[in-house]
Amino acid sequence: MRAVSWGSAGGALERLPWEARQGGKRLGMDIDQLIAEYGTYTYLIAFIWTFLEGETIVLFSGFAAAQGLLNPILLLAAAWLGSFAGDQVYFWIGRHFGLRILNRFPRWRHGVESALRWLERYNTGFILSFRFIYGVRNLSSFAMGLSAIRWQRFLSLNFLAAGLWATSFIAVGYFLGHAFRAVLGHLVRSFSLVMLGAFTAFAIAVWLAHRLQRRRQLRVPPGIKVVIPPP
């Protein structure tokens with residue numbers, strides 16, 4: 001059995017903390033390296049995510065933009081166009097297939113009528129703000145396709161509303177990133193892994209809240225009014 005000298009053992013022990021620190025640093029920097037190396041795909045993901053609906057990726061991307069990992073202008077363009085395109089498609093589906101879909105899924109009528117009541121009460125204000133209203137947002141653009149609003153008017157207001165929404169959430173993530181940098185300094189980059197976990201937990205919480213909200217909405221009272229399609 002080979003003897004190990006105190007010198008060699010001490011050297012090994014001295015190397016371990018440094019290697020562990022380097023491993024921890026690499027672990028903390030993984031998310032930064034991924035964004036830096038595949039930034040183009042991040043913009044594509046932001047477009048797809050916002051097309052389908054979601055604030056989480058926009059907030060986290062705004063945080064990454066504050067660290068210089070993403071271009072905030074390109075990020076804004078991706079989130080703006082994704083949100084606009086998604087709700088425009090949902091409006092088109094509601095306009096052309098709304099009644100057929102409601103006949104197939106009659107329990108959606110409760111959510112649709114809630115959105116239409118908001119539209120009737122606030123009109124332009126609702127179109128500009130429905131993305132920010134929790135519990136109504138999901139079916140709002142689809143419901144407005146069933147209303148008498150002209151598609152040209154919805155298109156222009158939807159474009160403006162998507163810009164307001166994207167700017168707001170990117171700004172929150174961006175200034176949040178700068179705030180953490182001011183407090184934590186260089187540790188912000190490694191802290192991005194923690195932020196990813198926090199936003200993932202936020203996304204799960206929102207998903208669960210949506211599920212609970214939908215279950216409450218599925219209890220439709222008898223005699224609910226049928227939505228009339230536009231002319």
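**Exercise 1.** Compare the span of α4 with that of a straight helix of 33 residues.

*Solution.* Start with the expected span: 1.5 Å times one less than the number of residues. For 33 residues, a straight helix would span 48 Å. Next, take the end C-alpha atoms of α4: they give a span of only 42 Å. Helices here are DSSP runs of H or I with at least four residues, numbered from the N terminus.

This is a predicted model, where local features need pLDDT of at least 70, side-chain atom pairs count only at pLDDT 80 or more, and totals for chains, interfaces and linings use all residues. Residues are numbered from 1 along each chain as its sequence is written, and side-chain values use heavy atoms, leaving out hydrogens and water.

**Exercise 2.** Locate the kink in α4.

*Solution.* In α4, the kink is centred on F97 and comes to about 85°.

**Exercise 3.** Find the residue that caps the N-terminal end of α4.

*Solution.* The cap is N71. One of its side-chain oxygens lies 2.8 Å from the backbone nitrogen of I73.

**Exercise 4.** Decide whether Q88 is buried or exposed, and list what Q88 touches.

*Solution.* Then apply the cut-offs: buried is under 20% relative accessible area, exposed over 50%, partly exposed in between, with a 1.4 Å probe and protein chains only. Q88 has 15%, so it is buried. Last, take contacts (heavy atoms within 4.5 Å). Leaving aside residues up to four places away in sequence, Q88 touches F154, L155 and N158.

Terms used. Helix = DSSP H or I, 4+ residues; strand = E, 2+ residues; numbered from the N terminus. Bend = angle between axes of the 7 residues up to and from the residue. Polar contact = N/O pair within 3.5 Å; in protein donor to acceptor, adjacent residues only side chain to side chain.
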